[in-house]
Amino acid sequence: MKLNYWQINLLILLFLLSIWFVVSFGFGIIWSEELDRFKFGGFKLGFWFSQQGSIYFFVLIIFIYVFLMNKLDKKFYKNSIDSQEKHKE
Amino acid sequence: MSLQALTYLFVGISFAVYIGIAIWSRAQSTNDFYIAGKGVSPIANGMATAADWMSAASFISMAGLIAFLGKDGSVYLMGWTGGYVLLALLLAPYLRKFGKYTVPDFIGTRYYSKAARLVAIICLIFISFTYVAGQMRGVGIVFSRFLEVDINTGVIIGMCIVFFYAVLGGMKGITYTQVAQYCVLIFAYLVPAIFISLMITNNPIPQIGFGDKVIGSSTYLLDKLDQVSLDLGFNAYTEYSKSNIDIFFITAALMFGTAGLPHVVVRFFTVPKVSDARKSAGYALVFIALLYTTAPAVATFAKINFINSVQEVEYKQAPNWFKNWEDIGLIAWKDKNNDGIINYSNGNALEGVKPNYIDKEGDYGERATINNPDLSNSNEIYIDNDIMVLANPEIAQLPNWVIALVAAGALAAALSTAAGLLLVISASISHDLMKKILMPKITEKQELFFARCAAAAAIIIAGLFGIYPPGFVAQVVAFAFGLAASTIFPALFLGIFYKRLNKEGAIAGMISGLIATSSYITYFKFISPQLNIAKNWLFGISPEGFGFFGMIINFCIALIVSNFYSKPPKEIYQMIDEIRKP
């Protein structure tokens, strides 16, 4: 079965939003106390995720999304995107 | 130069820059006025979004709040950044593709209904005014402390500046001014943070520094703070004190609320292409993260510095900043045991919490209050969290130019957010209410005129909020996010991802989300605040986190009601297919 643009888009969203959920609600809240047993430097790991780590991951997630979607756009809509560029010029 | 002269200089230069930009980039058409002619580059839009987003609350209050709450404060850090992931992945590209001017515009068109548009306008105006009220208070505080003018004069100066560039420049003027304001505010936030990080841990990067060892000792800063907090009767700084479910719901409500805030959503209408909207959300979060990852470090440093400089110090020896902030009314000392020494610990210092000052000096020269001391604990200090950031450079004894810089930064943060909010309010009135509902025949020129009038009226109302600050500002912030999460986010999200949703479903969903969230918050915050404790809450969810529950209600009702009515018309299916393409 061949997936269309929208279906692949939904898979990308599902994948990235699960990372989003795990690093914030997971590591930062639900399992935060368990992770606190591990330390790196002066940070307890769960505390670090809730006040630092989750935010770094958020930034990363958006840029991975930008990269994947640009590739997907090119694959499916190469012509219309080229014409948009031309139109802009 | 004296502190005051320096502050005038910094604030004066930054204001001159904002006005210069406004004249250079004034709006010519409604397209310019609402969405800056769709010509903003993704990086500039990212900076403008960041400045728009980071308000007086982020700049002035957040670090203080985290210092006070410890790990519980993480809800703000994760909530106010994680929302951008939702925005970038679920909303921004599609709304940009849709390409119209406002959030009610999308809702009104997608659900082919004036009623839906009207519900969206009401939510939007309520959310935006709630927010503006807080900004103007921030402007007032900064002016009264650092420029030593009357709070009212300060608010009026702020209003004039915003009036000038919002009314003249519209979205275009605001966007480029916000780029400048971002640079000012981030510089003003990072400089003192780096200074203090170096002083306490000898590490120039605050994000790493607050996990480092205190200079000249082998204890980690956070471990020391945990210990000190426990000694003073607080919870350990690095542990949650609220229940997991409450933390979960508050974080979720703030995230989904962020993604549904109209003044943030509308920023992604201004970029040239769909792919730019995605990229722009990424840049925005980078610029925001710079401040949001510094804030917990600032909180940690400020808390330890504050405790070190007041705990068990004789009042007569108290540092100057203590007395300055007493004069502003954000700190108070009640000598419970009559020893002339300041004791800081957990609990309220005063009965009724907030100080009521009288025109008299106490036994040791402190600013006296008529409140009775709260004798259930030994804490003698009332402190407003807001001063943690503003007083931080003074507490750490940094040079005067750093303190002046912080004042300019705080003003940049407050003004940029106020301007962005005023613009969404004016656009929703002139475009959605006048043009699309009440007077569809007006020309573009008349519409632009209405937009400018609406912006001017909104500024005056916002100014009145600043001069006569309503006591409920802090309480209604939960409201703004709760409503954005339970009304606007679901309507936008389902509008894009679920074609079958018809107008009946969407309207029923928005109204039930609105009623559920606002009645829960109103009940606990205004009607019977004495019952606002964990054991009375539904499933242990505090009013701050209830917006997420309201969102779930919205989803359920929308999907159920939708199935009882006919499918949306063919054109809507085509429109959704169209916005799903890049």
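Helix 3 of chain B (residues 42-53) has twelve residues, which at 1.5 Å a residue should span 16 Å, and the 16 Å between its end C-alpha atoms agrees with this; the expected span is taken as 1.5 Å times one less than the number of residues, and helices (H or I, at least four residues) and strands (E, at least two) are DSSP runs numbered from the N terminus. The structure is a predicted model, in which local features need pLDDT of at least 70 and side-chain atom pairs count only at pLDDT 80 or more, whereas totals for chains, interfaces and linings use all residues. Residues are numbered from 1 along each chain as its sequence is written, and chains are lettered from A, with ligands numbered from 1, in the order in which they are written.

Helix 3 of chain B is mostly covered, eleven of its twelve residues being buried, where a residue is buried if 20 or more other C-beta atoms (placed from the backbone) lie within 10 Å of its own, exposed if 12 or fewer do, and partly exposed in between. Among the buried residues of this helix are B:P42, B:N45, B:M47, B:D52 and B:W53. The buried residues of helix 3 pack against helix 8, helix 12 (262-265), helix 13 and helix 16 (400-438) of chain B, contact between two residues requiring that their C-beta atoms, placed from the backbone, lie within 7 Å.

Helix 5 of chain B (residues 74-98) contains 25 residues and reaches 35 Å from its first C-alpha to its last, close to the 36 Å expected at 1.5 Å a residue. Because 22 of its 25 residues are buried, helix 5 of chain B is largely enclosed by the rest of the structure. Just after this helix, B:G99 takes a positive phi of about 80°.

Positive phi values also occur at two residues of chain B that are not glycine. Most residues other than glycine have a negative phi. B:Y112, with a positive phi of about 35°, is placed in the loop between helix 6 (103-110) and helix 7 (114-146) of chain B, and counts as partly exposed because it has 16 C-beta neighbours inside 10 Å. B:N202 has a positive phi of about 65° and is found in the loop between helix 8 and helix 9 (206-209) of chain B, where 13 C-beta neighbours inside 10 Å make B:N202 partly exposed.

The domain assignment of chain B, an automatic or database one, gives domain 1 (3-306 + 397-474) and domain 2 (331-383), the centres of which, taken over C-alpha atoms, are separated by 34 Å. Leaving aside neighbours within four places in sequence, B:A407 is in contact with B:T7, B:F10, B:V11, B:V142 and B:F146. B:L421, in helix 16 of chain B, is buried, with 28 other C-beta atoms within 10 Å, and its contacts beyond four places in sequence are B:S128, B:Y131, B:V132 and B:H263.

Chain A has three helices and two strands, arranged along the sequence in the pattern α-α-β-β-α, and buried residues make up 37% of its 89 residues. The contact between the chains takes 39 residues from chain B and 34 residues from chain A. On the side of chain B that touches chain A, helix 5, helix 10, helix 11 and helix 13 (274-310) each supply at least two residues, and helix 13 gives the most, with eleven residues. The residues on this side of chain B divide into 19 nonpolar, eleven polar and nine charged, with Ala, Val, Leu, Ile, Met, Phe, Trp, Tyr, Cys and Pro counted as nonpolar, Asp, Glu, Lys and Arg as charged, and the others, Gly among them, as polar.
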